[in-house]
Amino acid sequence: MNILDRIVQSKRREVDALRAAGYYQAIATVSPVESVASMAESIRLSPTGIIAEFKRRSPSRGLINGTADVERTVEGYASEGAAACSVLTDTPFFGGAPSDLARASRVAGRCRLPLLRKDFIVSREQILEARMLGASSVLLIASVLTPCELADFAEYARSIGLETLVEIHASDELDRVTGIGADMIGVNSRNLADMSTDISHAMRMGDEVAARCGGAVIVAESGIGSIEDINNLRQYGYSGFLIGERFMRESDPVHAFHVFLTCS
Ligand SMILES: O=C(O)c1ccccc1NCC(=O)[C@H](O)[C@H](O)COP(=O)(O)O
């Protein structure tokens with residue numbers, strides 16, 4: 001069992017427990033946070049295309065940043081030119097929480113910054129929760145969902161005003177994601193079998209994804225470390241760039257973002 005299988009197994013248990021405790025019924029009665037701008041459109045119009053991620057820890061790196069404040073970081077990412085922010089809401093593996101998304105959405109709403117709920121979605125309830133907490137999009141990971149679940153979750157997200165970033169790693173997953181109306185297709189350069197990250201993986205897949213994406217925004221995910229990486233990825237059809245560790249590993253992620261844009 002690789003790390004993704006372990007995370008998804010744990011997530012299914014977590015969702016079952018929350019359902020049994022009546023949590024999802026309770027949040028369905030709350031008024032949703034006003035929805036913010038389209039993430040796909042924001043990436044298309046953005047000079048940077050960067051989706052800056054708030055990630056405290058990860059299975060591959062352990063603790064990355066135990067002190068950064070989510071509101072201050074999201075506000076700073078927005079003012080430095082991020083096209084969108086990704087907020088990890090998984091607790092056991094990434095040290096995040098749904099409350100991080102709620103806090104991020106307070107500042108994101110003010111600066112019209114789209115937020116991605118970055119989690120391991122295995123049920124419609126998590127998608128509704130994302131909407132209630134102020135996300136404008138959710139991540140759907142193709143390899144952990146059946147074709148029916150993938151199509152159903154994409155349709156459900158759309159029906160409640162959320163966009164989808166549908167993630168693949170290998171080109172044989174492309175067949176499953178074309179035709180479900182994904183707003184964005186992400187290619188994750190992290191190999192979850194051995195945790196290695198190599199952005200040339202995204203480069204190799206770029207042309208094929210671009211040819212078959214049906215107009216979706218194409219996002220390169222993981223392992224991006226410099227503006228040069230971004231410029232290289234752009235040559236292969238990418239216009240969105242999901243970056244976490246490069247910023248979060250510094251004590252001041254906003255300053256790291258600024259330096260990345262101006263000095264790398
Ligand atoms: O980051 C991990 O170790 C990880 C392990 C298992 C599943 C997912 C994982 N990461 C999620 C991501 O996709 C990244 O947070 C995101 O692409 C940003 O990557 P990076 O810039 O390399 O932090």
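Predicted model: local features only at pLDDT ≥ 70, side-chain atom pairs only at ≥ 80, totals over all residues.
Colleague: Into which class does Cys111 fall, buried, partly exposed or exposed?

Modeller: Cys263, at 60% relative accessibility, counts as exposed. Cys111 has a relative accessibility of 33%, and therefore its class is partly exposed.

Colleague: How many disulfides does a search of the whole structure find?

Modeller: A disulfide requires two cysteine sulfur atoms within 2.5 Å. For Cys111, the closest cysteine sulfur belongs to Cys85 and is 8.2 Å away, which is too far for a bond. Over the whole structure, the number of disulfides found is zero.

Colleague: Which residues are the closest to the ligand?

Modeller: The ligand is surrounded by 18 residues, each with a heavy atom within 4 Å of it. The closest of these are Glu53, Lys55, Ser60, Ser222 and Gly244.

Colleague: How far is a polar side-chain atom of Ser60 from an oxygen atom of the ligand?

Modeller: Polar contacts here are pairs of N or O atoms within 3.5 Å. Lys55 places a polar side-chain atom 2.8 Å from a ligand oxygen, and an N or O atom in the side chain of Ser222 is 2.7 Å from an oxygen atom of the ligand. For Ser60, the corresponding distance to a ligand oxygen is 2.6 Å.

Definitions and conventions:
Residues numbered from 1 in each chain as written. Heavy atoms only, no water. Polar contact = N/O pair within 3.5 Å; in protein donor to acceptor, adjacent residues only side chain to side chain. Buried < 20%, exposed > 50% of the residue type's maximum accessible area, 1.4 Å probe, protein only.
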